[in-house]
Structure formats: C-alpha cells, structure tokens
Amino acid sequence: MDLKSLKFKILNGSIARRVLLRCFMAALAFSIIPLLQILSGSDPITFNTVASNGCGVISGYSNPYMFLDRFIYPIVGSLESVQCKENANLTINVVKELMGLKMLSNDAHALCVGEGSASSVYALREVGFDNVCGVYRHPFFSLKHRKFVYKLDYEDNSFDFVFSRDLDKVSVPAVLVLEIERVLKPGGVGAMLVGVSSSSPNSLIRSAAPVSSILKTSSIVHVDHVNGFTLVVFKKKIEAASYFEQFHLPADCQSLRNNEPFMQFLEPLVEEKPIGFEKNIVYLPKFMDVASKKRLVYIDVGAGEHLNSSVKSWFLPSYPVDHRAFNVYFVDHNTSVMLSYVKRPGITFVYHPDLAGRNDKANPEVFEDLDPYAGDEGFDFHLWFKETVRYADFVVLKMNAGEVELRFLMELFKSGTICFVDELFLRCLDRADAKDAVSGSCMDLFKSLRNSGVFVHQWWED
C-alpha cells in the first residue's frame, strides 16, 4: 500500500473517528465543568483592576479556566461595552449624592457587586477612590434571566462602602443584602439600586421596604431617585462595646504600651456612684514616675459646668501629684464663667464654641458619624490638641461623654492621637437626669476603652 492510500484510510477510517471523538469529548469536558461550577454558584469572578478605558475589558480577575478566559468573557464583554458609559455615569451620580450628604469619602475601601461592576470600579477610580475592587457573575451564565446568588469571598467587616444594582436580578435577594451587610464595617454604607423609580413619594417607601425588612444590623438612612432608579442606602450600626477595638493603633503607641502592665489594677466599673468614689480610684502616678516627663498637662473639656470659687473643685484633691505642677487647660464655651481663671498662673482658657450645643447624654448614634470634627466657627479642637501635647508629656484628659466630646474621642482613635493621652477621666450618664447611675451604652463605652488599652476612670460629679 502506497503512502497516499494509507493517508486516505487514516483520515476516513476508524482511527480518525476515534481521534476526533476523543478531542471533542475533551473539549466538551473542559468547557462544561467550569460552566456548571459557575451556574451552581461556586465560582464568582473577582477583579481588582480594569482596563484603562474602563469599558468592556476586565483585567486582573481570577479565573482558572483558559477556555472561559480566552473565548467566553471577551465575547460577553463586547456585548456589555454599549452600557459601560451608562453604568459609569450612574455610579458617579450615586457616589456624588452620598458624598454631598457626607455619608461617603473617597478614602473609603469600596466594593462593587454584580452586573456592571467593571465600569463601576472604573468610575469610582475616576472620582478619586484608590482602594476599590469588584465581584460579579456574568449575565451570560444566567438561568432564565435570574442569577444565582453567591456568597462574597470576603471577611466580615471588610469594606466601608458596597455598591450593587443586582437586587432585582438575583434569585434570592435576601442573600445578597445580607452578604453586603456582612462585609460592611461598622458604620459602613451600603447602596443598592432598586427597580424603576416614580415621582410618587410612596414609591420610595415601597422600594426601600424589601431591603429594610431583610437588614439585621443596619438601618435605612437615605432613599432617593437616581437616573430612573430608586437608590436605597443603609448604614451598618456600630456596637459601642466593640467600637474602639476596630482601630489599629500604631505599634509604638507610647501611652498604651506604658499603661499595659497596670491595666489589671484599675478599679472595677460600677453601675452606681459609690460613696467616696475618689478614694477608690487607682491613679496612674502610683505606678510610674511622672517627674521624668517633660511636662505635666491637664485638659478639662467642658470645665465651666462644674467650676466654682474653689480651685480644688476643678482638679482631683486626691490626685497623687500636686496640681500646681500641671499646665492646665480649661476648654469651654462659657467665657463669663471662665474669665476669672484666664490670668491665673499655669491656667489657659480655650474657647470651644460648639460645646454650647452639646448633649451630655451618652448617645450611641454618635459612633455612626466618623467624619473629622471641626467647629462651626472654624475651630478644630483635634488640631489644637495635637499641637498642644507631645509624646514626652504626661497628659491627663477629663471630659463628659457628650456628643461633641465623643466626636473628639473618636477622632483621637482614628488619627492615633489617643497615644498622647496617659490617663482619662470620663463622666458618662445614659440619661441626662441621672446623677448617680450608669448602665447600657455608658458601661459599654467604658469597657470598650479599657479593652483598647486606655487607662480610663468613671468620673462622678458631686
């Protein structure tokens, strides 16, 4: 048999059929297996970067299947490119609205979930977001136009902002809402576009109701019309008991490091004012030599409320350091009360206008507002504090747990300036009319501060 006849037999005979059949089965296996995994909800596609034009092409996503990577996604991506600019503009309008309401800043760690996430990531980066990523499951793999819901492959409390327009597209909307809520940090914001909006105010309420009924640890904070959709925004609640622990303080946080051996000796927290409570307080100078510090600094925020003609009333009579050795700062809004102390040696009066409108009741809602504090008249108390005290100082801070003071305390943690504070005296009452008892939010506040390493005492007014 000549060579030409042999080639003809191979190509037209049983050998050729077997080879072609095996090739076909192999190709089918390589394509169907990952497709089934995606349809079953086990293989979400995540991406951290998008192409420079932001439309139609996604780079940096995790996908182990070459067949999908080389053939399927490019085809589907080209189909989506028509809607890219619309999705990007929609995302920008949502973000601008939230930033205008001071619910969002571009330093937030953001996540985009669902259809159009590639263009949403691109849009967020265009408006200044540096830390943003996305996760989606492409509509090419929809089943009867209803996507399977997948769990987000992120840890709890991972993001400051999560955006999605997939609520009307998934098979189980509740799972999507709860997953977004789960990955949000306490105080984080979730934004979802729901259905088609109408001009009726009742339509906003109806659109928000399905999301509101699902949320477990969040509450609806804003509903509005955006580009023909209804925007539903919710905010994850902050537990006061664990709020301060979420902040990652510097490794060289001097005050917390120095105080750590002595935290075990702090007086126990109590719910009712004990008789002679000053005698039960374990003061920090009992354990350390404060004379080695460059300066002794005492800052009393809201001092005007409890000052009278006796100097002893504004500083602890039983404090184991002569109060005359301190550089004293009275911070208050009431100039008439403080005027007599301005010219006394070692005493400086700091005018803080916003203390005039504060609420001395412990308010957990304050923990939900993480924006840096600055007074209405331009006085930035946190900036003043950083410019006044130094690591070399021994700093004693005393204040009420009113709204203004708690904002300041949060900013100390957020910026790491809490490391300047050696000892804290905090007066906290859950009710404005309560004088001798604390519970609930106040007790949680004290526990959170101590768990964070702050040498804090309960302070009671006589």
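This is a predicted model: local features need pLDDT of at least 70, side-chain atom pairs count only at pLDDT 80 or more; totals for chains, interfaces and linings use all residues.
Let's start inside a sheet: Asp-300 has Phe-330 of strand E11 as its bridge partner. Residues are numbered from 1 along each chain as its sequence is written, and side-chain values use heavy atoms, with hydrogens and water left out.

Now for the overall picture. The protein has 14 helices and 15 strands. Of its 462 residues, 48% are buried, where buried means under 20% relative accessible area, exposed over 50% and partly exposed in between, with a 1.4 Å probe and protein chains only. The accessible surface comes to about 23100 Å², and carbon and sulfur atoms own 56% of that; the areas come from the Shrake-Rupley method with a 1.4 Å probe. Taking contacts (heavy atoms within 4.5 Å) with a separation of 6 or more, 72% are between residues 24 or more positions apart.

Back to the sheet where we began. It is an open sheet of six strands with parallel pairing, in the order E12-E11-E10-E13-E14-E15. Strand E12 (347-351) and strand E15 (456-458) stand at the edges with a single partner strand each, so one side of each has no neighbour in the sheet. Neighbouring strands are turned by 15 degrees against each other on average, direction ignored. Two strands count as paired if DSSP finds at least two bridges between them. E10 and E11 run parallel and are joined by five bridges; five bridges also join E11 (residues 327-332) to E12, again in parallel. As for E11, five of its six residues are buried, so the strand is largely enclosed by the rest of the structure.

How does the chain tie itself together through sulfur? The structure holds two disulfides, a disulfide being a pair of cysteine sulfur atoms within 2.5 Å. One of them joins Cys-253 and Cys-419, with sulfur atoms 2.0 Å apart. This link is left-handed, with -115 degrees about the S-S bond. Cys-253 lies in the loop between helix H8 (240-243) and helix H9 (254-259), and Cys-419 in the loop between H13 and E14, so the pair ties together parts that are 166 residues apart in sequence. Cys-253 is buried at 4% relative accessibility, and Cys-419 is buried at 2%.

The other disulfide joins Cys-428 to Cys-442, at an S to S distance of 2.1 Å. Its torsion about the S-S bond is about -85 degrees, so this one is left-handed. Cys-428 is in the loop between E14 and H14, and Cys-442, 14 residues away, is in helix H14. Both cysteines are buried. Helix H14 (residues 441-451) has other buried residues, including Met-443, Leu-445 and Phe-446. After H14 comes Gly-453, with a positive phi near 100 degrees.

Two other cysteines are worth a look. The sulfur of Cys-133 is 8.0 Å from the closest cysteine sulfur, in Cys-112, which is too far for a bond. Cys-112 is buried at 0% relative accessibility, and Cys-133 is buried with a relative accessible area of 6%.

Glu-179, in helix H6, is buried with a relative accessible area of 9%. A polar atom of the Glu-179 side chain lies 2.8 Å from the backbone nitrogen of Leu-152. Leu-152 sits in the loop between strand E5 (132-136) and E6, and is itself buried at 5%. Beyond its neighbours within four places in sequence, Leu-152 is in contact with several residues, among them Leu-111, Val-113, Val-135 and Ile-180. Leu-152 and Ile-180 are 28 residues apart along the chain, with their C-alpha atoms separated by 7.9 Å. Asp-166, in the loop between strand E6 (159-164) and helix H6 (173-183), is buried at 4% relative accessibility. A polar atom of the Asp-166 side chain lies 2.9 Å from the backbone nitrogen of Glu-115.

Note on methods
Helices (H or I, at least four residues) and strands (E, at least two) are DSSP runs, numbered from the N terminus. Axes are lines fitted to C-alpha atoms, for helices over the stretch in contact, and angles run from 0 to 180 degrees between N-to-C directions. A polar contact is a pair of N or O atoms within 3.5 Å; within protein, one must be able to donate a hydrogen and the other to accept it, and residues adjacent in sequence count only if both atoms are side-chain atoms.
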